[in-house]
Amino acid sequence: MKNHKVYEKYIKKCLQLAKKGEGFVSPNPLVGAVVLDKNGNVAGCGWHKKFGEAHAEVNAFEEAKKNNINVKGGTIFVSLEPCSHFGKTPPCADLIIKKGIKKVVIGCKDPNPKVDGGGIKKLKEAGIEVVTNILEEECMRLNEIFFKNQTKNMPFVAIKTATTMDAKIASRTGSSKWITSQKARSYVQKLRNKYDAILTGSGTVLADNPYLTCRLKNGRNPARIIVDSKQITSFEANIYSDDGTKVFLAVSENSKPKDYGSNVEIIKCPLADNKIDLNYLIFKLYEKGIRSILIEAGGSLNGAFLKAGLVDKVYQFIAPKILGDKEAKNFAEGFCVDKISDSIKLKIHKVKIFEPDILIEAYI
């Protein structure tokens with residue numbers, strides 16, 4: 001039991017380290033590592049900092065080297081199973097063996113078919129003690145995007161919305177600035193930094209003319225996706241600004257694409273019920289390297305994604321305000337259920353307070 005508490009302590013540290021890589025490692029997973037010397041003292045810590053660069057284990061060993069600490073006979077903690085294959089970098093399992101590590105404690109297995117237990121097997125065959133599934137759920141949740149990619153070959157899709165207590169995203173006149181507080185809106189910037197792309201519809205572009213950039217210090221702008229089947233948005237809209245960010249424009253396959261600039265890639269999509277086929281679009285975006293999508297759109301597009309069963313998670317910011325107007329704009333529209341039992345059901349994962357607002361994170 002004592003050992004288990006120690007294991008959890010260091011895996012929690014690994015999770016904290018791993019989060020530092022948010023926004024920079026996709027399509028790779030977020031990983032943190034802590035290495036102890038043979039006496040149980042921390043020798044080095046590391047995390048995967050950028051796609052294509054050194055993995056967490058490598059960085060932890062490098063820090064130990066800088067600290068002039070011998071890790072032979074020591075223990076390494078890692079939030080995700082060490083890789084066992086050659087990719088952008090050599091296998092971390094091989095490095096662990098080379099360093100003479102005695103024990104490896106792992107948060108969860110890697111779902112990548114190229115790994116999936118291969119790292120654990122290689123370590124055990126080298127005579128190293130391996131402990132697995134420490135804070136497994138937390139470790140899997142950290143990499144929910146990566147797990148969805150590996151198991152479904154699809155992007156992880158989330159809806160972010162800000163509503164009043166009666167689930168309205170704007171008044172009947174379209175007024176929506178600002179439903180939530182500055183604190184809540186600041187947290188949205190962290191979400192934008194986390195996801196590969198932000199998706200919105202032509203209606204939001206026309207009504208709000210958003211930039212959909214990440215205004216987080218040291219953050220990075222996600223790609224922008226606009227669903228505009230009839231190309232009613234103007235190339236002069238802020239969202240098309242050529243700031244070095246990739247923009248994808250989803251249009252009807254029958255339309256003649258306009259010139260929106262060199263940073264804009266047109267994706268011609270078939271129609272379903274006279275609207276963009278969202279299933280086709282999602283798979284096409286995955287082919288183009290988009291592994292996670294944050295939807296910031298109006299009720300119609302939110303509803304269409306929910307109806308199509310393409311949403312994995314919902315971030316709903318709720319402000320203590322009530323509009324009380326049936327003509328005000330809803331968070332999700334376009335589908336109806338006659339019985340409560342037929343409603344889309346979500347599982348609340350977490351509730352956060354951004355005084356005076358709250359954030360509900362829920363999975364579908």
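1. The sulfur of Cys14 lies 7.7 Å from the closest cysteine sulfur, that of Cys139, which is too far for a bond. A disulfide is taken here as a pair of cysteine sulfur atoms within 2.5 Å, and by this rule the count is 0 disulfides. In general, a disulfide is a covalent bond between the sulfur atoms of two cysteines. Cys14 has 0% relative accessibility and counts as buried; Cys214, at 10%, counts as buried too. Buried means under 20% relative accessible area, exposed over 50%, and partly exposed in between, with a 1.4 Å probe and protein chains only.

2. On the basis of the values: this is a predicted model, in which local features need pLDDT of at least 70 and side-chain atom pairs count only at pLDDT 80 or more, while totals for chains, interfaces and linings use all residues. Residues are numbered from 1 along each chain as its sequence is written, and side-chain values use heavy atoms, with hydrogens and water left out.

3. An open sheet of 5 strands has the order β2-β1-β3-β4-β5, with mixed pairing. The edges are β2 (42-47) and β5 (129-131); each has a single partner strand, so one side of each is left without a neighbour in the sheet. Neighbouring strands are turned by 15° against each other on average, direction ignored. Helices (H or I, at least four residues) and strands (E, at least two) are DSSP runs, numbered from the N terminus. Two strands pair if DSSP finds at least two bridges between them.

4. In this sheet, β4 (residues 103-108) and β5 run parallel and are joined by 3 bridges. Contact means heavy atoms within 4.5 Å. Axes are lines fitted to C-alpha atoms, for helices over the stretch in contact, and angles run from 0 to 180 degrees between N-to-C directions.

5. Another open sheet has 9 strands in the order β11-β10-β9-β8-β14-β6-β15-β18-β17, and its pairing is mixed. Here β11 and β17 (347-354) stand at the edges with a single partner strand each, so one side of each has no neighbour in the sheet. The twist from one strand to the next averages 20°.

6. Ile159 has Ile295 in β14 as a bridge partner and stands opposite Val314 in β15.

7. Strand β8 (residues 197-201) runs parallel to β14 (residues 292-295), with 3 bridges between them. Ile295 in β14 is the bridge partner of Leu199. Helix α9 (residues 278-287) packs on the sheet, touching β6, β8, β9, β10, β11 and β14, and its direction makes about 140° with that of β11. Helix α7 (residues 182-194) lies across β6 (156-163), β8, β14, β15 (313-318), β17 and β18 (357-363), running at about 165° to β15.

8. Strand β10 (residues 247-252) is mostly covered, with 6 of its 6 residues buried. β10 pairs in the parallel sense with β9 (residues 223-227) over 4 bridges, and 6 bridges join β10 to β11 (residues 264-269), again parallel. Leu249 in β10 stands opposite Ile226 and has Ile266 in β11 as a bridge partner.

9. The model has 1 cavity of 30 Å³ or more. A cavity is a set of points, on a 1 Å grid over the protein atoms alone, where a 1.4 Å probe fits but cannot get out; lining residues have an atom within 4 Å of a point. Grid points are joined across faces, edges and corners, and a volume is the space filled by probe spheres set on the points. The largest cavity has a volume of about 190 Å³. Its lining has 19 residues, of which Ser26, Asn28, Leu30, Ile145 and Lys194 lie nearest the centre.

10. The largest share of that lining, 4 residues, comes from helix α6. In α6 (residues 144-152), Glu144, Ile145, Phe146, Phe147, Lys148 and Asn149 are buried. Just after α6, Asn153 takes a positive phi of about 55°.

Key:
1 Å grid on protein atoms, 1.4 Å probe; cavity = no way out; pocket = protein on both sides within 12 Å on 5 of 7 lines; lining within 4 Å.
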